[in-house]
Amino acid sequence: MDIRAHVSMVFHLDKCIGCHTCSIACKNIWTDRKGTEYMWWNNVETKPGTGYPTLWEDQDKYKGGWEKKNEELKLKLHSKLGALGNIFYNPYLPTIDDYYEPWTYDYENLFNAPEGDDQPTARAISMISGKPMDSIEAGPNWDDDLGGSPLYARNDVNLDELTDDEREQLNELERVVFFYLPRICNHCLNPGCVAACPAGAIYKRGEDGIVLLSQEKCRAWRMCISGCPYKKTYYNWASGKSEKCILCYPRLESGQPPACFHSCVGRIRYLGVLLYDADQIQKCASVPNEELVAAQRNMIQDPFDPEVIKAAKANGISDAMITSAQNSPVYKFVKKWQIALPLHPDFRTLPMLYYVPPMLPVLAKTDKDGKYDVAGLDNEGLPAMISSLEKARMPIKYMASMFSGGNVKVVEEVYRKLIAVRIFKRAQKVKDYKQADVDAALAQGNTNADEVEAIFRLTSLPTYEERFVVPPLGREVAVESWEVPLDRKREAGFGVRNKIAKRKF
């Protein structure tokens, strides 16, 4: 057992209101520079939708992540020999059209336009060419609130397994259903970007698992962009280097959560440490699609288990880091309650950002007569107003395509527990459910009153300290693995010997 610590994350999608405050906070700090105009290390997408860059989930197009070939785990992008062949020409890179052409507006014209019969306007100006743009054809969330649907959203690759009837119910007039998907770098355990980089410029920090990109070593081959199936590395055309989310590690090292976490209006983001068994990484990434979620859960270890603690200490993990893992909200959502799932585990990169899927809309879909189709509720033990999972407006197969490698059962188990929380609290506050309904819901969700109360509290009423359990990263300790700190200590002396002039007032 090779126990290591990883700073991990949970995004609770039921709480995301799509305000993009996280994106702006990140943009203002990290990508408000020349060459980064099109970059959004944090972006918020609307699903169903094609996302940013367009169709990033389509690995037939971009060849990101890993695949099993002859029982071995291989990069989808290329083999080692293929890397040499593609090093000067990579056909799987997204282009600026797949992202969008960044623009600003000619605001000066609003104030300085010559007098005329018409109101002055601010024309869009390309931030790449500096020339006026006749039309704006894409943006970082072009599917915002399904504004482009069905023209754009119908191309979402997660819709491939849905029937025509299920696709149609997503777009029923006045009952359109969608949700928001905030995305940052997943800081994966088996990152495709690290494996694809021919220069060895990308690495995971040993003490916390954060994936970083050395600006000194980067040679701009841009294989990392193709290798990452989430398309969360970018190329800076001004500096000639690739860049990516650094999880605001300078903030973490000073005990603060990343800026996008701190600024989140909906308080959807949780941060904490997970202890995992590094010996299981290859095995976990190699199991069949339907077993990926279970394998990843098994890889995460119980921070209260004495054997795990002993193995962690043997690997140099500090007591403070182990205590952080024991208090981690991420451990509760992912391992203890099992209601947070990795995004596209089928890419086999073992992402360490997990999502609690959004609750299904309360109302069921309608039949041909316009009446709610609530057939099957009795069979599932669901009281009125809760739609049956099979007839949910957001098809379970769609959610399974995103969060469980197509394993519908895993997503259904998550939703049954979330529904149990909803029914339990509604019975407490609104008092319109019978105790028999509550008991049936708890049984269906394989949970109990204490667990439901704990889930509700951490979801709805968490304090700042409960959402963000930032571990002491101990960089002063980590540096000792490759450098003797005393070598950097300056020689002793007599202090400042130059006379300091007195300040004159």
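Visitor: What makes a stretch of this predicted model a helix or a strand?
Guide: A helix is a DSSP run of type H or I with at least four residues, and a strand is a run of type E with at least two. By that rule, the protein has 22 helices and 15 strands.

Visitor: How do you know what share of the protein to call buried?
Guide: A residue is buried when its relative accessible area is under 20%. Of the 505 residues, 52% count as buried. As for the surface, the protein exposes about 25300 Å², and carbon and sulfur atoms supply 50% of that area.

Visitor: Why is Tyr105 called partly exposed?
Guide: Its relative accessibility is 32%. Buried would need a value under 20% and exposed one over 50%, so Tyr105 counts as partly exposed. You will find Tyr105 in strand S5, residues 103-105.

Visitor: What makes the nonpolar surface patch that includes Tyr105?
Guide: Tyr105, Tyr107, Leu110 and Phe111 make this patch of about 450 Å². Patch residues need over 30% relative accessible area, and Tyr105 has 32%.

Visitor: What makes S13 and S14 the edge strands of the open sheet?
Guide: The sheet has 5 strands in the order S13-S12-S1-S15-S14, with mixed pairing. Strand S13 (300-301) and strand S14 (341-342) each pair on one side only.

Visitor: How do you know that S10 and S11 pair, and in which sense do they run?
Guide: With 4 bridges between them, S10 and S11 (residues 241-244) meet the rule of at least two, so they count as paired, and they run antiparallel. Tyr235 stands opposite Ser242 in S11. Their hairpin has 4 residues between the strands, and Gly240 takes a positive phi near 75 degrees.

Visitor: Which way do the residues of S10 point?
Guide: Thr233 and Tyr235 point one way, while Tyr234 and Asn236 point the other way, and all are buried.

How values were computed. Residues numbered from 1 in each chain as written. Predicted model: local features only at pLDDT ≥ 70, side-chain atom pairs only at ≥ 80, totals over all residues. Heavy atoms only, no water. Patch = residues over 30% accessible without salt bridge, like charges linked within 9 Å, V, L, I, M, F, W, Y side chains within 5 Å. Areas by Shrake-Rupley, 256 points an atom, 1.4 Å probe, with all protein chains shown as cover. Salt bridge = Lys/Arg side-chain N within 4 Å of Asp/Glu carboxyl O. Buried < 20%, exposed > 50% of the residue type's maximum accessible area, 1.4 Å probe, protein only.
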